[in-house]
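Please look over the sequence and the model that follow.

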Amino acid sequence: MVAMDNGAPNGPSAHHPHLVMLATPGMGHLIPLAELAKRLATRHGVTATLIAFASTASAMQRAFLASLPPSIASLHLPPVDLSDLPHGTAIETLMSEESARSVPALTEVLTKLKETNRVVAFITDPFGVDSFDAASNAGVDRRYLFVPSNLHGLSLILHLPELDLSIPGELRDLAEPLQLPGCVPIPGKDLLSPLQDKTNPCYTWMVHHASRCTEADAILVNSFDAVEPEVAAVLQQQEPGRPAVYNIGPLILTETESKVVNMAPPASSCAACLDWLDRQPARSVIYVSFGSGGALPTEQMRELALGLELSGQRFLWVVRSPSDEGAVNDNYYNAESKKDPFVFLPEGFIKRTKDVGFLVSSWAPQIDVLTHQATGGFLTHCGWNSTLESLVHGVPMVAWPLYAEQHQNAVMLSEGIGAAIRVPEPRRKEMIAEIVKELITGEGKGAAVRTTVANLQKDALDGLKEDGAATIALAEVVKNWAFGEN
């Protein structure tokens, strides 16, 4: 049975163009799709149904979905059996299998939605391209690919089938960085995590998804031209056999987290974060968070703690229990730590840093933190949602990538546009301290990064104005929906 979270638009709204959007697991996929739905509702009168998977029906996700405006309905697909997959199966494989096995249920959902709504299009992200079959089965003709990451990631996906055929060895062993048209050269070891081992099923899944991406009628990307101008110029040129590409970002949470505070642990801890920030000097605090899905190995967690202490800088750290089995663990589906994360910190650390640091377990009101005048830097995993939030709010970054496309993003941000300083491996406390201090107070590289981010902030906000590039691009996509029939 399909679980409906809030009612599908009916009555007068049933006459509006209606989108069906499928978000594969991960808040980094769900949030920008929801923001796209909000923007379409506000600017174009489009209603939407946002579909998620049973595997991600956590309290956090349900609270987020419940916070969406009435123009956006939501539901969860029924669970699928993945028990035949071995223990330790990669997140990318789990997402891909769940998506493929959900096609029959999704076909039924789309068929029913068409009975009460004027469904004009179906949108999903790269891990959900097999759901294009469900759209076809239900008679939804327009199918769009939404890329929640950036144009560098899209370019790699589009070139992956030919790379798979032309590179016999492992991509991680490439002698020279991979140079795709318009892109920053990316060392093999920094390419997408699921491409690092061709013997892993997740690699095969990625090639499969890449081969189906060109079935989309158009590709919508959560990026903006100024942050990757050269590849934007390349991909916005029409090319036979490739869908048109539209940069419609940045799509980030646009409201204060107070409306969705139920996503978090007790509201008192969120208020305490902001109260603490209120007492700190302007641009003096480095905010440390690894997103909703990441966790550090125990030793790296220790080095980070000691590095923050050694830097002497003020910090606000979202602390999560470590994972020595890899950067991605159960947090990918539910961000709350299952254990008290503070017990993993170095002995005496909390007491020694009580005058300069503030620790919060699992979750912080990130938008409120990034917009606070006391926040001067963001030590981030380089997930694209967090990256865009940092740029839109003018916060320079320290890059500490963990998994997925984050290493690739870190190369682009640090060596490409200069919006971040990357912590090199091995990540030792002395280097961490030096980089944190440079970002917050440095007059060399730190100052250059702060200037670059300030300029990118202006570019991002300009694109969202009435005559901005992102607004025009989105209008181009939807111009036929008001009159087109499916």
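## F146 in strand β6

F146 is buried, with a relative accessible area of 0%. Buried means under 20% relative accessible area, exposed over 50% and partly exposed in between, with a 1.4 Å probe and protein chains only. F146 sits in strand β6. Helices (H or I, at least four residues) and strands (E, at least two) are DSSP runs, numbered from the N terminus.

Neighbours within four places in sequence aside, F146 is in contact with P32, L33, L36, I123, T124, D125, P126, L220, N222, I248 and L251. Contact means heavy atoms within 4.5 Å. T199 is 53 residues from F146 in sequence, and 28 Å lie between their C-alpha atoms.

## Basis of the model

This is a predicted model: local features need pLDDT of at least 70, side-chain atom pairs count only at pLDDT 80 or more, and totals for chains, interfaces and linings use all residues. Residues are numbered from 1 along each chain as its sequence is written, and side-chain values use heavy atoms, with hydrogens and water left out.

## Nonpolar cores

The largest nonpolar core has 115 residues. Such a core is a set of buried Ala, Val, Leu, Ile, Met, Phe, Trp, Tyr and Cys residues joined through side-chain atoms within 4.5 Å. I286, L304, L316 and W317 have the most contacts inside the largest core. Helix α6 (residues 151–166) gives the most to this core, with 7 residues. A second, separate core has 39 residues, including M21, A48, L50 and V478.

Beyond four places in sequence, the contacts of I286 include L308, R314, F315 and L316. Among them are also G377, F378, L379 and V398.

## Helix α17

Which residues of helix α17 (residues 469–478) are buried? They are A470, T471, A473, L474, V477 and V478. Seen down the axis of α17, these residues fall within an arc of 165°, so they line one face of the helix. The arc is that of the directions from the helix axis to the C-beta atoms.

## Strands β10 and β11

Strand β11 (residues 357–361) is mostly covered, with 4 of its 5 residues buried. Strand β10 (residues 314–319) pairs with β11 in the parallel sense, over 5 bridges. Two strands pair if DSSP finds at least two bridges between them. V319 has S361 in β11 as its bridge partner.

## Aromatic pairs

The structure holds 6 aromatic pairs. Rings of Phe, Tyr and Trp (its six-membered ring) pair if their centres lie within 6.5 Å; planes under 30 degrees apart count as stacked, over 60 as edge-to-face and the rest as tilted. W276 and F358 form a tilted pair, 5.8 Å centre to centre with 35° between the planes. W276 lies in helix α9 (residues 267–278) and F358 in strand β11, so the pair ties together parts that are 82 residues apart in sequence. Both W276 and F358 are buried.

F290 and W400 form an edge-to-face pair, 5.8 Å centre to centre with 75° between the planes. Both F290 and W400 are buried. F315, W317 and F349 form one aromatic cluster.

## Cysteines

How many disulfides does a search of the whole structure find? It finds 0. A disulfide is a pair of cysteine sulfur atoms within 2.5 Å. The sulfur of C183 is 15 Å from the closest cysteine sulfur, in C213, too far for a bond. C183 is buried at 8% relative accessible area, and C213 is buried at 0%.
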